[in-house]
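Subject: Structure for you to look at

Hello,

Here is the structure I said I would pass on. My notes follow below it.

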Amino acid sequence: MNERFISIEGIARRYPAPGGGTTTIFEDLWLAVARGEFVCVIGHSGCGKTSVLNILAGLEAPSEGVVVVDGQAIEGPSLDRAVIFQGHALLPWRSVIGNVGYAVSSRWRKASRAEIEERAKRFIDLVGLKGNELKKPAELSGGMRQRVGIARALSIEPKIMLMDEPFSALDALTRGTLQDEVRRICTSTGQTVFMITHDVDEAIYLADKIVLMTNGPQAMIAEVVENPLPKDRARDTIHREGDYYAVRNHLVDFLVARSKTFRDEMPAGYDQRKPPLVRPAGSLPVEPAAPERPVAKTIPFPSVAGGRD
Ligand SMILES: Nc1ncnc2c1ncn2[C@@H]1O[C@H](COP(=O)(O)OP(=O)(O)OP(=O)(O)O)[C@@H](O)[C@H]1O
C-alpha cells in the first residue's frame with residue numbers, strides 16, 4: 001500500500017491582514033494519506049479546512065510548501081481530483097445525464113456519444129437516480145442534486161475525491177441515506193477520499209482516519225485519530241461497537257477543549273511533521289487489525305480509443 005498517496009508537505013496559507021502585515025491561517029501542515037483511505041478533517045470554523053481542500057483541488061496555491069499526489073506535485077486543477085461542494089454546482093440547463101455526461105466527455109474526449117451515455121447512466125444508477133436521467137436540476141430535490149454531484153465526481157474515476165461538507169445542507173434522513181451510499185461505493189471501489197465535516201458522528205461512520213485541526217489562526221494538525229471501529233460497521237448498530245464512545249468522546253473532547261489550548265499545552269515530543277496517530281479504545285477488546293483495504297478498482301471503459309486525454 002502506498003502510505004503517501006497524498007503527501008501534504010509543510011503547507012501554509014497566509015492572507016494580507018487588514019492594516020498591513022499578514023495573517024497566517026495555518027502553517028507547516030504535514031499529512032500523509034494512503035491510497036484507498038477515507039480521511040475526514042474536523043476543526044472549528046476558520047481553522048482553514050476549506051483552504052486545505054482548495055489547495056488539494058489545485059484551486060488555490062499554498063503560500064508555502066507543496067502537495068504531492070501519486071508522485072506528482074499539484075500545480076492546478078485536474079480531473080484526477082474531483083470536488084464535491086456543499087452546493088451542487090450543477091449546470092442548470094443540462095439534464096442529469098447531461099451533467100454527468102459532460103464530465104465523462106471532458107475526461108475521455110474521444111469517446112463516442114453512446115459510450116458517454118452508457119457510462120453516465122451506470123453512475124446515475126449507482127447513486128440511485130435511475131429513471132431521473134432526463135430531469136433538469138431544478139426538478140430535483142437537494143438530496144437528488146447532491147447525488148448527481150457524486151455520480152459526476154465518481155464517473156471520471158478520480159484518483160481522489162475531495163468533499164467539503166457535502167451533506168450538511170440535507171435533511172437528516174437524506175443525509176443518512178447518502179452517507180450510506182457514499183460509504184458503500186467508496187469502500188467497494190477503494191476510492192481515496194478527503195472530506196471536511198463538522199459532524200463527529202458522520203466522521204466516525206465514514207472515516208478510516210480523522211484529522212483534528214486546532215483553532216485558527218496559526219492552526220495546526222494536533223493529531224490523526226485512527227478509527228477503531230470495524231470496517232463492516234453499520235449506521236444502526238454503530239453505537240453498540242465497543243470503542244464507539246471512546247472515539248466519540250475523544251473527538252468531542254478535542255473540539256470542546258483541546259482545539260483551543262493545544263498550542264499552549266503541546267504534548268512532549270510533538271512533531272508537526274509527523275502528527276501523532278491516536279487510536280482511542282473503550283473497555284471492550286480492540287478489534288484485530290483490519291485487512292488491507294482494496295486498491296482502487298477501476299470501472300472499465302475499454303472501448304474508448306485513445307484513453308484519457
Ligand atoms: N481570500 C481571503 N482573504 C482573506 N482571508 C481569507 C480568504 N479566504 C479565507 N480567508 C480566511 O481564512 C480563514 C480560513 O478559512 P477557511 O474557509 O479555509 O476555514 P474553514 O475551516 O473551512 O471554515 P468553515 O468551517 O467556516 O468553512 C478564515 O478566517 C477566512 O476568513
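The crossing of helices α2 and α4 is right-handed. Please bear in mind that this is a predicted model.

Helix pair. Helix α2 covers residues 96-107 and helix α4 covers residues 142-155; their axes lie 8 Å apart, at an angle of about 25 degrees. Angles under 35 degrees count as roughly parallel, so α2 is roughly parallel to α4. On the α2 side the residues involved are V96, N99, V100, A103 and V104, and they meet V148, A151, R152 and S155 of α4. Sorted by class, this contact between α2 and α4 comprises six nonpolar residues, two polar ones and one charged one.

Ligand. Which residues surround the ligand? They are Y15, I25, G43, S45, G46, C47, G48, K49, T50, S51 and G216. Helix α1, residues 49-57, gives the most to this shell, with three residues. By class, the shell around the ligand has seven polar residues, three nonpolar and one charged.

Chain as a whole. The protein chain contains seven helices and eleven strands. Of its 309 residues, 38% are buried. Taking the contacts in the chain with a separation of 6 or more, 73% are between residues 24 or more positions apart.

In the viewer, I would start with the shell around the ligand, where helix α1 contributes three residues, and then turn to the contact of α2 with α4, including V100 and A103 on the α2 side.

Regards

Methods. Residues numbered from 1 in each chain as written. Predicted model: local features only at pLDDT ≥ 70, side-chain atom pairs only at ≥ 80, totals over all residues. Helix = DSSP H or I, 4+ residues; strand = E, 2+ residues; numbered from the N terminus. Buried ≥ 20, exposed ≤ 12 C-beta atoms within 10 Å, placed from the backbone. Contact = placed C-beta atoms within 7 Å. Axes fitted to C-alpha atoms, helices over the stretch in contact; angles between N-to-C directions. Parallel < 35°, antiparallel > 145°, perpendicular 65-115°, else oblique. Left-handed = near helix turned anticlockwise from the far one by under 90°. Nonpolar A, V, L, I, M, F, W, Y, C, P; charged D, E, K, R; others polar. Near = placed C-beta within 6 Å.
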